[in-house]
Every structure is written in structure tokens, then in C-alpha cells.
Amino acid sequence: MRNLYTALERATGHTAATPGLAGLVGGLLTEVATGARPLRAVAHPLGFYCLPVLRDGAHGVCVHVFDPGPARADREIHCHSWELKSSVLYGRIGNLRVRVHDEPARPTHRAYEVHSADGIDEIRPGPRLVRWEPLAEQTSSRGETYTLGAGEFHATLLPDAAPAATVVLGRTVPGPLDVVLGPVDGTARRVVRRLCDAARTARIADEAARRISGRHGTR
């Protein structure tokens, strides 16, 4: 399993080697589409379909498929408990880095801790009251890669409102929590991550594989 992570990590480290990355991920998606790699796509609360193709201890690989249809219109500012390297497979993805600072007197948001287990996100209001300001926004196209450290706040954007996909390599690190910004006076809530059935998962994987290979719209 770790060999797969290492191969993908090497491929994402070289923009010029995009065909290698596309071939690796396209092969994984074809395995998902044919049932050779059994997994279910997850309708992620942040507005994309997540195909978790590898879990190996602290390491994980997911393919995120953005469809303008079910994608959320708002940008949700959050940070992860894991560091990530994300490479665009097709379309364009925007990554807005955000600076969050404590502001107990005139806050615009509250920081909520996200505790995930068994497909359920428990989102709990914390004591931290904050404001945020945008920093650099990076838009990446096919073959380009961006990285993000654990605990760094950001928002993912779909600048063209068009289909896009990324392969995300993540590594959990000790210390940071999953955090999302929400209303100052909000309460705790629970979000159930919806699993797609096998047929829907196969269609998502097949369409993504076709877009990666340039065969979208052909049969």
C-alpha cells in the first residue's frame, strides 16, 4: 500500500511528469469503476465527491471530484489535522489561504472543532472567537500541485464553475485539529457523510477517468 503512496508522491512532485500521475490515478479510478478496487464515494460536506483510494496508517490518498451541480456556493474556511499535497487532474481549482486571528471583542466567526468517526462529523463550538482575512489565492490547472500544512486555514474554490478533480495525498501529524469557522452564536451539530451506492460510485469514477484521459463524452 505504501508503495502506491510513494509512487503518487513522486509523480506529483514533477509537473512535467503529469502523464505518469494521470496514468496512475486513471488506473485507480478504472479499478474503482469496474469494482476491482471496492470502495464507495462519499458526498463530502465541503461540496465534492471523495474517493478514498488508500488508507495506510497516517498516510492517505483521495481523489476529489468537483461537480458544479452539488458543490456548495459558499466558501467554507477550515483547516486540517493533516498536511496535504494536491495535484489537479483536470479543470481548475482555487486555493485561498486565510489568516485567522483572535478577536474576542468584535468577532465575525467562532472556531468549531470537527471530530469525525464512522462517517459522522461532530461539529462542536469552541471558545475561540476570531476574524479572518484573505491571503494569497492560487489557482491551479491540470498537472499543477499545491501544498498546505496541517493547521493552515484555507478555502477551496471552483473558479470556473466547471468540473474538476484533484488527487490529494495527506499525512496526519500530531497536534493540529480539524477546525471550521462558523457563526459566533452557533451550536453543536452533526453531519452524516452520505455514502454513494456502488452504481453511483462507478459512474463518478468512470467519468473522472474519462476526463483525465481526454475520453469524456466518448463511448
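**Contacts between side chains**

A: Arginine 37 and glutamate 31 are joined by a salt bridge, with 3.0 Å between the closest N and O atoms; the term stands for a side-chain nitrogen of Lys or Arg within 4 Å of a carboxyl oxygen of Asp or Glu. The model is predicted, so local features need pLDDT of at least 70 and side-chain atom pairs count only at pLDDT 80 or more, while totals for chains, interfaces and linings use all residues. Residues are numbered from 1 along each chain as its sequence is written, and side-chain values use heavy atoms, with hydrogens and water left out.

Arginine 37 has a relative accessible area of 21% and is partly exposed, a class lying between buried (under 20%) and exposed (over 50%), computed with a 1.4 Å probe on protein chains only. By the salt-bridge rule the count comes to 10.

Arginine 210 meets aspartate 206 at 3.2 Å, N to O. Arginine 210 is buried, at 13% relative accessibility, whereas aspartate 206 is partly exposed, at 23%. Arginine 211 pairs with glutamate 207, and here the closest N and O atoms are 3.2 Å apart. That pair also lies in H3, with a spacing of four residues, about one turn of the helix. Arginine 211 is partly exposed at 21%, and glutamate 207 is partly exposed at 36%.

Aromatic rings come next. The count is one aromatic pair, where rings of Phe, Tyr and Trp (its six-membered ring) pair if their centres lie within 6.5 Å, and planes under 30 degrees apart are stacked, over 60 edge-to-face and the rest tilted. Phenylalanine 48 and phenylalanine 66 make up this tilted pair, with 5.1 Å from centre to centre and 45° between the planes. Phenylalanine 48 belongs to strand S2 (residues 48-56) and phenylalanine 66 to strand S3 (residues 59-66), so the pair ties together parts 18 residues apart in sequence. Phenylalanine 48 is buried, with 10% relative accessible area, and phenylalanine 66 is buried at 8%.

Aspartate 118 is not a glycine, yet has a positive phi of about 55°. Aspartate 118 sits in the loop between S7 and strand S8 (120-141) and is exposed, at 82%. Alanine 161 also has a positive phi, near 50°. Its place is the loop between strand S10 (154-157) and strand S11 (164-172), and alanine 161 is exposed at 54%.

Last, the second largest pocket has 13 lining residues, with Glu76, Leu181, Gly182, Pro183 and Arg189 nearest its centre. Strands S7 (109-117) and S12 (179-182) are the elements that give two or more residues to this lining. S12 supplies the largest share, three residues.

Note on methods
1 Å grid on protein atoms, 1.4 Å probe; cavity = no way out; pocket = protein on both sides within 12 Å on 5 of 7 lines; lining within 4 Å.
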